[in-house]
Amino acid sequence: MSRLWMLLILCSLTYGITVHKSCQTVWKQLESCISGTDIEVKQIQSESIAFSATRTTDITLSSLQTLVFDKVYLNEGGGYNAHTGLFTAPVNGIYYFAVSFLAVHGSTYLMLLKNNHEVARGFGSNHDDTGSIVSTVQLKKRDVVRVAVMARKGRDRARGDGWSSITGFKLN
């Protein structure tokens, strides 16, 4: 009898079958579970996709170089790579990105790129001036988003020590 109840519990957890007090109802639910008939299987909601990271050290960037945010606080869904600075969409959807950075010793021009195409720009004009980028982007699975310096002759610098950060998450 204990195996029967274990099977019933397993079916109820797997398929969301509600166990009623009536033995006849329990038996019918068990039969449906075993045979696979009359079972409503609901699609499991996708897991959360969200990340948040900061830059730990000051950095001088050359033209089109990726700004890597190397200290990760959150990486639900595993889309952000702290070694490359790339976010790879694990699933299709609409994503929100926010970047904040502190310019060091002059102007800093950054852009948000989707598959190496510019989506949005940010600018910090002077020493310790804050710049930001905020954008909502439609992504397909495996699309890549990154933050990079705009093509220019000069070198752009961003402050580390947590002053420069990125956050992204899936909206739907």
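In this predicted model, five strands form an open sheet in the order β3-β1-β12-β6-β9, and their pairing is antiparallel. The edge positions are taken by β3 (71–76) and β9 (130–139); each has a single partner strand, so one side of each is left without a neighbour in the sheet. On average, and with direction ignored, neighbouring strands of this sheet are turned by 5 degrees against each other.

Strand β1, which covers residues 50–54, pairs with β3 in the antiparallel sense over five bridges. Within that pairing, threonine 54 stands opposite lysine 71 of β3. Five bridges also join β1 to β12, again with the two strands running antiparallel.

For β12 (residues 165–170), the covered face holds Ile166, Gly168 and Lys170, whereas Ser165, Thr167 and Phe169 make up the uncovered one.

The nonpolar interior comes next. In soluble globular proteins, nonpolar side chains tend to be buried together. The largest nonpolar core in the model has 26 residues, and those with the most contacts inside it are Leu67, Phe69, Phe87, Phe97, Leu110, Leu139 and Val147. Two or more residues of this core come from each of β1, β2 (59–61), β6, β7 (108–114), β9 and β10 (144–149). Strand β6 provides the largest share, with four residues. As for leucine 67, residues up to four places away in sequence are not counted, and the residues it touches are Arg55, Ile59, Leu61, Gly85, Leu110, Val147, Ala148 and Ala158.

A search of the whole structure finds eight aromatic pairs. In one of them, phenylalanine 51 and tyrosine 80, the ring centres are 5.0 Å apart and the planes are at 5 degrees, so the pair is stacked. This pair links distant parts of the chain, with phenylalanine 51 in strand β1 and tyrosine 80 in strand β4 (residues 80–81), 29 residues apart. Phenylalanine 51 counts as buried because its relative accessibility is 2%, under the 20% limit. Tyrosine 80 is buried too, with a relative accessible area of 5%.

Another pair involves tyrosine 96 and phenylalanine 169, whose ring centres lie 5.1 Å apart with their planes at 35 degrees, so the pair is tilted. Tyrosine 96 belongs to strand β6 and phenylalanine 169 to strand β12, so the pair ties together parts that are 73 residues apart in sequence. Tyrosine 96 is partly exposed, at 26% relative accessible area, and phenylalanine 169 likewise counts as partly exposed, at 31% relative accessibility. Phenylalanine 169 is also among the residues on the uncovered face of β12.

Finally, ring pairs link Phe51, Tyr80, Phe87, Tyr95 and Phe97 into a cluster. Two of its members, Phe87 and Phe97, are also among the residues with the most contacts inside the largest nonpolar core.

Conventions
Residues numbered from 1 in each chain as written. Predicted model: local features only at pLDDT ≥ 70, side-chain atom pairs only at ≥ 80, totals over all residues. Heavy atoms only, no water. Pairing = 2+ DSSP bridges. Axes fitted to C-alpha atoms, helices over the stretch in contact; angles between N-to-C directions. Buried < 20%, exposed > 50% of the residue type's maximum accessible area, 1.4 Å probe, protein only. Core = buried A, V, L, I, M, F, W, Y, C linked by side-chain atoms within 4.5 Å. Contact = heavy atoms within 4.5 Å. Phe/Tyr/Trp six-rings, centres within 6.5 Å; stacked < 30°, edge-to-face > 60°.
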